[in-house]
Amino acid sequence: MKNALVILLLSFFFMSCEKENPYNLAGDYQLTQDISLVLSQDKLPITITATNVSDSRCPANVQCVWEGLASADVTFKSNDEEKTIKVCTGGCSKMNIPVSETVTLNGVSYEVKLKDVSISENQKLATITLLKK
């Protein structure tokens, strides 16, 4: 009985010591077209760059034939890997553009979605969401 209690206590101790993955980069990121954003977790940097940001969505209070879409090419670059994906929001399925893609960054898989595209001070902005899988 004593041994079972000791094993149970040790199990709880080790479970409580489990730390969150230091490479968790989940969240929203606003990217300015052609300007790289560097994320650094424990000296393993990830560079994210948005290019070809476009927005053909139907403006508010306008009657359009179709909803349009917004898209961007997003490049993820680490020390040993580079991957470019296209993400889209709006009428993506009509153009065969995926609404999300999966990337692996420092051994962690994320679903990448385009949250929004906007223009601020004559710069195109793409807001992406990284969801840890």
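Which residues make a nonpolar surface patch of about 360 Å²? They are Val65, Trp66 and Met95, and the views below start with them. This is a predicted model, where local features need pLDDT of at least 70, side-chain atom pairs count only at pLDDT 80 or more, and totals for chains, interfaces and linings use all residues. Residues are numbered from 1 along each chain as its sequence is written, and side-chain values use heavy atoms, with hydrogens and water left out.

**View A. The nonpolar patch of Val65, Trp66 and Met95.** A patch takes residues with over 30% relative accessible area and no salt bridge, joining nonpolar side chains (Val, Leu, Ile, Met, Phe, Trp, Tyr) within 5 Å and like charges within 9 Å. A salt bridge here is a side-chain nitrogen of Lys or Arg within 4 Å of a carboxyl oxygen of Asp or Glu. Areas come from the Shrake-Rupley method with a 1.4 Å probe, and for residues only the protein chains shown count as cover. Valine 65 sits in the loop between strand 3 (44–55) and strand 4 (69–77); strands are DSSP runs of E, at least two residues, numbered from the N terminus. With a relative accessible area of 88%, valine 65 is exposed (exposed is over 50%, buried under 20%, partly exposed in between).

View B. Strands pair if DSSP finds at least two bridges between them, and strand 1 has six with strand 8 (residues 123–132), in the antiparallel sense. Look for aspartate 28 standing opposite threonine 129 in strand 8.

**View C. Serine 100 in strand 6.** At 23% relative accessibility, serine 100 is partly exposed. Not counting residues up to four places away in sequence, serine 100 touches Glu111, Val112 and Lys113 (contact means heavy atoms within 4.5 Å). Leucine 130 is 30 residues from serine 100 in sequence, and their C-alpha atoms are 9.8 Å apart.

**View D. Glutamate 82 in strand 5 (residues 82–90).** Glutamate 82 is exposed, at 51% relative accessibility. Neighbours within four places in sequence aside, glutamate 82 contacts Thr75, Phe76 and Lys77. Threonine 47 lies 35 residues from glutamate 82 along the chain, with 9.2 Å between their C-alpha atoms.

Conventions
Helix = DSSP H or I, 4+ residues; strand = E, 2+ residues; numbered from the N terminus. Buried < 20%, exposed > 50% of the residue type's maximum accessible area, 1.4 Å probe, protein only.
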